[in-house]
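Here is a briefing on one protein chain. Look at the sequence and the model first, then read the points below.

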Amino acid sequence: MAGTEEEGLDDLPPSAKLVFKVLEYNGSLTQKGIVEESMLSARTVRYALERLEDIGVVDEDVYFADARQNLYQLNEAELAKDGADAEAPCVECD
């Protein structure tokens, strides 16, 4: 099931949130590295990464040390944009 544009991090399953936190804490990792750090199964990590990519918070790059693997990292531009929207002052609150 593919995510919609309105779907945010709060709407994701716990496994996807854990993968997000692992990437936030450790920086760029391969899928194997995420599996080792999170202690989730490879299949669960694949699904979580797919969901995170669908909402645009994770980018996939080539891992040059081993081209058979991909390197996953948080999309800082997307996170900054979402954070700015979330922290915007409420005009109608006063």
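Start at Leu-23. Beyond its neighbours within four places in sequence, Leu-23 contacts Leu-29, Ile-34, Leu-49, Val-58, Tyr-72 and Leu-74. The model is predicted. Leu-23 is also among the residues with the most contacts inside the largest nonpolar core.

**Nonpolar core**
- The largest nonpolar core has 17 residues.
- Besides Leu-23, the residues with the most contacts inside this core are Val-19, Ile-34, Leu-49, Leu-52 and Val-58.
- Helix α1 gives the most, with five residues.

**Packing of α1 and α2**
- Helix α1 spans residues 14-26, and helix α2 spans residues 31-38.
- Their axes lie 10 Å apart, at an angle of about 105 degrees.
- Angles of 65 to 115 degrees count as roughly perpendicular, and α1 and α2 are therefore roughly perpendicular to each other.
- On the α1 side, the contact is made by Leu-18, Val-19, Val-22, Leu-23 and Asn-26.
- On the α2 side, Ile-34, Glu-37 and Ser-38 make the contact.
- By class, this contact has five nonpolar, two polar and one charged residues.
- Leu-23 and Ile-34, one from each helix in this contact, also touch each other.

**Thr-30 in strand β1**
- Thr-30 sits in strand β1, which covers residues 29-30.
- Is Thr-30 buried or exposed? Its relative accessibility is 11%. The cut-off for buried is under 20%, so Thr-30 counts as buried.
- Leaving out residues up to four places away in sequence, Thr-30 touches Tyr-63, Gln-69, Asn-70, Leu-71 and Tyr-72.
- Tyr-72 is a contact of Thr-30 and also of Leu-23.

**Whole chain**
- The protein chain has four helices and three strands.
- Along the sequence, their pattern reads α-β-α-α-β-β-α.
- Of the 94 residues in the chain, 29% are buried.
- Among contacts with a separation of 6 or more, 47% join residues 24 or more positions apart.
- The accessible surface comes to about 6,600 Å². Carbon and sulfur atoms account for 50% of that surface.

Definitions and conventions
Residues numbered from 1 in each chain as written. Predicted model: local features only at pLDDT ≥ 70, side-chain atom pairs only at ≥ 80, totals over all residues. Heavy atoms only, no water. Axes fitted to C-alpha atoms, helices over the stretch in contact; angles between N-to-C directions. Helix = DSSP H or I, 4+ residues; strand = E, 2+ residues; numbered from the N terminus. Parallel < 35°, antiparallel > 145°, perpendicular 65-115°, else oblique. Contact = heavy atoms within 4.5 Å. Nonpolar A, V, L, I, M, F, W, Y, C, P; charged D, E, K, R; others polar. Buried < 20%, exposed > 50% of the residue type's maximum accessible area, 1.4 Å probe, protein only. Areas by Shrake-Rupley, 256 points an atom, 1.4 Å probe, with all protein chains shown as cover. Core = buried A, V, L, I, M, F, W, Y, C linked by side-chain atoms within 4.5 Å.
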